[in-house]
Amino acid sequence: MILEEISKWLQRGKTGEVQALIQTALAGDISPHDILNESLIKGMSVIGEKFKKNEVYIPEVLIAARAMKMGMEILKPVLIKQGIEPIGKALICTVKGDLHDIGKNLVKMMLEGQGIECIDLGVNVASATVIEAVRTVKPDLVCLSALLSTTMMGQKEVIEALKAANLRDQVIVMVGGAPVTAAFAEAIGADGYSSDAASAAVLAKQLLTEGV
Amino acid sequence: MLRDKLRQPDFNNFIALLLGKPTSRPVLFDFIIGDKIMKYLVGEENFKVDTEFNRMITRIKAFDFAGYDFAPILVRGLEFPRKEHNVTEVETKSLNEGAMIVDWASYNDYRWPEITNCDFSIIAKAGKYLPEGMKFIPYSYDGILENAIGIVGYENLCLMIYDDYQLVCNVFKQIGTRIEAFYDNVLLYDEVGCILCNDDWGFNTQTMFSPDFLREHVFPYYRRIVEKAHRLGKYAILHSCGYYREIIDDIVYDMKFDGKHSFEDNIVPVEDAYRELSDKITVLGGIDLNFIVSASSDEVYQRAKRMIEASKLKGRFALGTGNSVPDFVPIENYIALMKAGLEL
């Protein structure tokens, strides 16, 4: 019951209620794993599904993601203490030459909403920076965003750089952004493409759990 | 010069197109053309952009030489102050960048531009350079939603809706009333035959804010602006990028725009948009910009020709790009596009 309550408050973006109920749930010996999966991730999944159907819009996604983030501030230390790991680690950025960040940020929120840890490299990120981060962070997934037809080739550059650095087989690569299509993603050798952030998170989870 | 010398600008053709009446020849539409292609169109000797006025004259020539029936005109002075864009080597920017209003204190400190900053008389002055048969289509420096996002930041604005709704209401009112006053002024000039309201409302898969939010804070201003244009016997077209399906009835039946510009293959390809919309609104431009950049000249020509053919019977289609003609468009592809509309 309380898990459902948390999920509902999260969907409404009510940070205070989410935090208070997580405290109550933890005090009531509900497992942090269940709180994460049955309330926070479940709530974000509902938001993601509604977003795909245009039943909610980005403002509603943002306030739900904010509530999840604040909830995680309480839950994360307990999860770490119990050795509960995220389902995967993603490196996310907007490629070189492109400063657009709305899509990237949205995908990041949705990925976190699926229980995937995200390391955000920001915008205008050179392929060399991505390669360096792949070496040091060792992500399972690399997500590349581009908003312009002039910058989308930067996604190809990163994939080529991963190949040249013998790192391509170690990561799943997903691409997205306004001008990007499934055909383009396939042509440049990406493993996944989605037309919206919510679908991207679902696909990422699928690729992480079932493989490419 | 791209157009044949016998083909002269004829704004009446453009009006006929907006009204869904037959036109004597295919009509062309574009809104923003980059300097590289403007220079190509007018020739090195005529390309003068050292002052805002010279840029206007150059634009008139470029649109005339290319075969359009109008020239867009930007009257400056209503630029809403934003923070400096500080990454100079990159030509893009984030919608989160430039936020100046984050709370009531910054709202109260904000220096709102005044309509008196705009020198509207430039329309009459530049109008002396309009060739016979051509009219101006003025537009403002960004629209209501774009300016709100520009001065609050997109994500900040999203959160502000839930954290301080009254502040959001005030921001939109400040912007909306100024944009409305801007169009009230430009509509007074005889050189103006139509206005263009430029305001991006959508991403690829949905509107940036809920349709209800747009209906409350954005659309009422445009409804009044279009109403005023019609009352004065003029026309109003919308340039708005992004997903539009849930708001198209607002665009057509509530705000009553006469034409819509900006179509993208990743959202609704212009061929589909034309099938869906041409009974109720004129489809302007629409050949996807990414396609124009990446396809061969022949592919661009063939697609443009097919659209001209498809719209021959019903009309209500002006050939042009889906968005704009930035400098990264290969000149030969722009020429191929125009050729499809210029040849008889």
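Helix 6 and helix 7 of chain A cross in a right-handed sense, a crossing being right-handed if the near helix is turned clockwise from the far one by less than a right angle, and left-handed if anticlockwise. The model is a predicted one, in which local features need pLDDT of at least 70 and side-chain atom pairs count only at pLDDT 80 or more, while totals for chains, interfaces and linings use all residues. Residues are numbered from 1 along each chain as its sequence is written, and chains are lettered from A and ligands numbered from 1 in the order in which they are written. Helices (H or I, at least four residues) and strands (E, at least two) are DSSP runs numbered from the N terminus.

**Helix 6 against helix 7 in chain A**

- The axes of helix 6 and helix 7 of chain A come within 9 Å and cross at roughly 45°, where axes are lines fitted to C-alpha atoms, for helices over the stretch in contact, and angles run from 0 to 180 degrees between N-to-C directions.
- Helix 6 and helix 7 of chain A are therefore oblique to each other, given that angles under 35 degrees count as roughly parallel, over 145 as roughly antiparallel, 65 to 115 as roughly perpendicular and the rest as oblique.
- Helix 6 of chain A contributes A:Ser127, A:Val130, A:Ile131 and A:Val134 to the contact, and helix 7 of chain A contributes A:Glu157, A:Val158, A:Ala161 and A:Leu162, with contact meaning that two C-beta atoms, placed from the backbone, lie within 7 Å.
- By class, the residues of this contact between helix 6 and helix 7 of chain A are six nonpolar, one polar and one charged, where Ala, Val, Leu, Ile, Met, Phe, Trp, Tyr, Cys and Pro count as nonpolar, Asp, Glu, Lys and Arg as charged, and the others, Gly among them, as polar.

**The two sides of helix 6 in chain A**

- Within helix 6 of chain A (residues 127–137), the buried residues are A:Ser127, A:Val130 and A:Val134, a residue being buried if 20 or more other C-beta atoms lie within 10 Å of its own, exposed if 12 or fewer, and partly exposed in between, with C-beta atoms placed from the backbone.
- An α-helix has 3.6 residues a turn, so residues three or four places apart point the same way.
- On the other side of helix 6 of chain A, A:Arg135 and A:Thr136 are exposed.
- The packing partners of the buried residues of helix 6 of chain A are strand 1 (88–95), strand 2 (116–125), strand 3 (141–145) and helix 7 (153–164) of chain A.

- A:Val134, which is found in helix 6 of chain A, is buried because 20 other C-beta atoms lie within 10 Å.
- Leaving aside neighbours within four places in sequence, A:Val134 is in contact with A:Leu91, A:Pro139, A:Val142, A:Leu162, A:Leu167 and A:Val171.
- A:Val134 and A:Arg168 are 34 residues apart in sequence, and their C-alpha atoms are 9.8 Å apart in space.
- A:Arg168 is found in the loop between helix 7 and strand 4 (172–176) of chain A, and counts as partly exposed, with 17 C-beta neighbours inside 10 Å.
- Not counting residues up to four places away in sequence, A:Arg168 touches A:Leu162 and A:Lys163.

- A:Lys138 follows helix 6 of chain A and has a positive phi of about 55° although it is not a glycine.
- A:Lys138 is found in the loop between helix 6 and strand 3 of chain A, and counts as exposed, with 12 C-beta neighbours inside 10 Å.
- In chain B, B:Lys256 has a positive phi near 65° and is likewise a residue other than glycine.
- B:Lys256 lies in the loop between helix 11 (248–254) and strand 6 (259–261) of chain B, and counts as partly exposed, with 16 C-beta neighbours inside 10 Å.

**Chain A against chain B**

- In the contact between the chains, 25 residues of chain A meet 27 residues of chain B.
- The largest share of the side of chain A that touches chain B, four residues, comes from helix 4 of chain A.
- That side of chain A has 12 nonpolar, 10 polar and three charged residues.
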